[in-house]
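Trainee: I would like to go through some of the labels used for this structure and the grounds for each.
Mentor: Go ahead.

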Amino acid sequence: MTDARPFPAAARESLADSQLRHNLAVATTTIRARRAAVVGEVADWEGLRRRGAAVKAYSLEHLDELLEQLEASVTATGGVVHWAADAAAARRIVTGLVAATGAEEVLKVKSLTTDEIDLNAGLAAAGVAALETDLAELVVQLAGDRPSHIVVPAIHKNRAEIRDLFARTIGPADLTDSPAELAAAARAFLRRRFLAGGVTISGANFAAAESGAICVVESEGNGRMCLTLASTLITVMGIEKVVPRLTDLAALLALLPRSATGERLNPYTSLWTGVHPGDGPQSFHLVLLDNGRSRVLADRVGRDALRCIRCAACLNVCPVYERAGGGAYGTTYPGPIGAILEPQRDSLERRGSLPFASSLCGACAEVCPVGIDIPRLLVHLRGAEVDRKRGRPLEGRTERTAMAILARAFSGRRRYEAAQRLGRGGDRLARARGAALRDALMGPWTRSRELPVAPDQTFREWWRERAGEDDRGRS
Ligand code: SF4
């Protein structure tokens, strides 16, 4: 379920929610501090980052071969591989597989990929209830809300809000907001469903082509329960998650938990290979999802977005995300990674405002564990969006005119100084005539910012005047 509104419109709404901003600031500050502490323990963090980036870059360069190898390995170990070109195809495949089991309820292990294809709605339309088993995903589901963070989907909610929600839905009614009690309430609600052992649907963090091993990491053990107790396991995986060998996970599994939750190891790292008689799910299906990824791969600059390992470190340091929240992006993947991935994977027509949802401060690139140069991709996509609008009669005309004037003003010293004098005069006039004229001239810029007062003198004027005084003093 996504929101088609441009980022500025959706962000305006979320910025007005001071509770949301407070919740986000507290949560991201805590995660940032934990990440910094555990990253600081690693002697050669930069070397580790380079190794992780190299694995992902190699995998993208050889994606076609690796996917075919993965299909062969999964098939050889008793699994069934399905290829889904888009979200509709993936929903069709998964609902068909669930229908074949006769199940009316399925358990979900937290998965962005299934959110991306709106699987829960597809299953509901087929008469199947999907129950989220990750605590934060359960909170979001019970609230009828949307996830607002990649790793902590309910980051926008505080404990008191969750207590009220649980008391209203899964009980008990006299719940307090102690984390232990909240977790116990969710555990009591979920446990008998785990033990029923029906159909589980998961995503995947990584897959090793050589052996067909699939890897899911999580913190609560709900995933381990679902993955081992299910009779049928269906995994929906974006095609970019494949790596050549199991040993390639060494760097990625060291980078991911430190970057995501500030932990040295993921509490639960589940790896499985096909099916094994009498042990674990007896039926395993792997759905390989494209859904725009091939298009991203075709762009030599933009393809770096596919290196992402979904740690959310870029969200936690982004000043725009911290204030606007994940909901304002309107996409499954919010924050800086969403701003570079979604306009490519979905389309610039629908998501063209996202590359502009950044101050280009560069904090995201500094923390990205696989070295994605996010600001470079943002600028690349901004260029593509400007090009897309170039042929249009109205959209972008103001911006183009402003840029043409600026280009002329910056093309020579005399022109630049004349523009400064003109700007100073305009500033005085706007101030004399009040806010209405200033807002008409500057538009949304002055709606949320103070317009700086133009100085009476430029530096050059001051310098010339000072030099003249010195000359007079000497003569
Ligand atoms: S872009 Fe980098 S920092 Fe952001 S979620 Fe992906 S891997 Fe993490």
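Trainee: What makes β6 and β9 a pair of strands?
Mentor: In this predicted model, 6 bridges join β6 to β9, and the two run antiparallel. Two strands pair if DSSP finds at least two bridges between them, so β6 and β9 qualify. One of the residues involved is Cys215, whose bridge partner in β9 is Leu271.

Trainee: How do you know that β5 also pairs with β6?
Mentor: By the cut-off of at least two bridges: β5 (residues 206–208) has 3 bridges to β6, also in antiparallel orientation. Phe206 has Cys215 as its bridge partner in β6. The hairpin of β5 and β6 has 4 residues between the strands, and Gly212 takes a positive phi near 80° there.

Trainee: Why is β6 called largely enclosed?
Mentor: Because 6 of its 6 residues are buried. A residue counts as buried if 20 or more other C-beta atoms lie within 10 Å of its own. Ala213, Cys215 and Val217 point one way, Ile214, Val216 and Glu218 the other, and all are buried. In a regular strand the side chains alternate between the two faces of the sheet.

Trainee: Which residues of α11 are buried, and what covers them?
Mentor: In α11 (residues 222–229) they are Asn222, Gly223, Met225, Cys226 and Leu227. The cover includes β6 (213–218), β9 (268–273) and α10 (179–196).

Trainee: How do the residues of the shell around the ligand divide?
Mentor: Into 13 nonpolar, 1 polar and 1 charged. Among the 15 residues around the ligand, Cys308, Cys311, Cys314, Ile337 and Cys368 come nearest.

Conventions
Residues numbered from 1 in each chain as written. Predicted model: local features only at pLDDT ≥ 70, side-chain atom pairs only at ≥ 80, totals over all residues. Buried ≥ 20, exposed ≤ 12 C-beta atoms within 10 Å, placed from the backbone. Contact = placed C-beta atoms within 7 Å. Near = placed C-beta within 6 Å. Nonpolar A, V, L, I, M, F, W, Y, C, P; charged D, E, K, R; others polar.
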